[in-house]
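Please open the structure in the viewer and keep the selection panel at hand.

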Amino acid sequence: MSRIHFHETIFGPVHSRRLGISLGINLLPTHYKYCTFNCVYCECGWTEVNPLENADFVPAAAILDLLDKRLEELKKEGIYPNSLTLAGNGEPTVHPEFSAIVDGTIELKNKHFPKARISVLSNASMIWQPHIMEALKKLDNNIQKLDAGTEEMFQLINQPKIPVSLREIVDNLKHFNGKVTLQTLFVRGEINGKIIDNTSEEEVAAWLLLVKEINPKRVMLYSIERKTPLLGLEKITESDLAHIAAKVEKIGICAEFFD
Ligand code: SF4
């Protein structure tokens, strides 16, 4: 199975469907995936390392030093990133110095590219920790995952590797008081004889109730783009995404979809 690992701490810039020209900041180990989820569609492959064990994190000071140098290079090359994006080989908020990295990234952004935005792509599993939530609130693009409307679909699609329920995640997401963007990947398939489908009428209705509860500033809907660890997953069509996005708009929340 093909998988993508970011072998560097600072990668790109790449052209992102959702963020424009994005300079990636990989807060995870550089040679393997480290995540609290095991999503069936993850472009990094299956989660093989137990997220409750220590990983080889690059220290915050070293990450920020590399970022400073890369931003200086980009300036010399005349490349202006739209986004400095905390992401990489797994869940960025598990880095033990996440708050310090956020503060340092804000300083470096202001020094080199004050008009750029800082984004995070997170699965919301660690936001129960007050210091993680406070750090995330400082970001321009606080993008958090919500792929399911029911606990059963959450377990099938995201397969959490730590004890966390969809209800806990939703309750925690509400604490952002709207300063959050939700990202939802829509997909159909099958795992261990069970149907995966977060696009059915019932699932979308349940998901919409959660979206309404969280009341985010917007929702990003998207479909799979690359090979997935679980084979046979179906890419959702643009018209299906548009149909679901219209339902989000109908409850008064801004929605964008990316095919
Ligand atoms: S949360 Fe993100 S990195 Fe983790 S398994 Fe899911 S898609 Fe992959």
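**A parallel strand pair**

Begin by selecting residues 117-122, which form strand E4, together with residues 141-145, which form strand E5; the two strands pair in the parallel sense over four bridges. The model in view is a predicted one. To locate one of the bridges, select Leu-121, whose partner in E5 is Ile-143.

**The eight-stranded sheet**

Eight strands make up an open sheet, in the order E1-E2-E3-E4-E5-E6-E9-E11, and their pairing is mixed. Which strands lie at the edges of this sheet? Colour residues 10-16 and residues 254-258: these are the edge strands E1 and E11, each of which pairs on one side only. Viewed across the sheet, neighbouring strands are turned against each other by 25 degrees on average, with direction ignored.

**Helices H2 and H3**

Now select residues 98-112 for helix H2 and residues 130-137 for helix H3. These helices pack with their axes 9 Å apart, at an angle of about 15 degrees. Because angles under 35 degrees count as roughly parallel, H2 is roughly parallel to H3. The crossing of the two helices is left-handed.

Show the side chains at the contact. From H2, display Phe-98, Ser-99 and Val-102; these meet His-131, Ile-132 and Ala-135 of H3. Classified by residue type, this contact of H2 with H3 comprises four nonpolar and two polar residues, with no charged residues.

**The three-stranded sheet**

Move on to the open sheet of three strands, whose order is E8-E7-E10 and whose pairing is antiparallel. Its edge strands are E8, at residues 194-197, and E10, at residues 234-235; each pairs on one side only. Select residues 187-191 to display strand E7, which runs antiparallel to E10 and is joined to it by two bridges. To find one of the bridge pairs, select Val-187 and its partner in E10, Lys-235.

Notes
Residues are numbered from 1 along each chain as its sequence is written. This is a predicted model: local features need pLDDT of at least 70, side-chain atom pairs count only at pLDDT 80 or more; totals for chains, interfaces and linings use all residues. Two strands pair if DSSP finds at least two bridges between them. Axes are lines fitted to C-alpha atoms, for helices over the stretch in contact, and angles run from 0 to 180 degrees between N-to-C directions. Angles under 35 degrees count as roughly parallel, over 145 as roughly antiparallel, 65 to 115 as roughly perpendicular and the rest as oblique. A crossing is left-handed if the near helix is turned anticlockwise from the far one by less than a right angle, and right-handed if clockwise. Two residues are in contact if their C-beta atoms, placed from the backbone, lie within 7 Å. Ala, Val, Leu, Ile, Met, Phe, Trp, Tyr, Cys and Pro count as nonpolar, Asp, Glu, Lys and Arg as charged, and the others, Gly among them, as polar.
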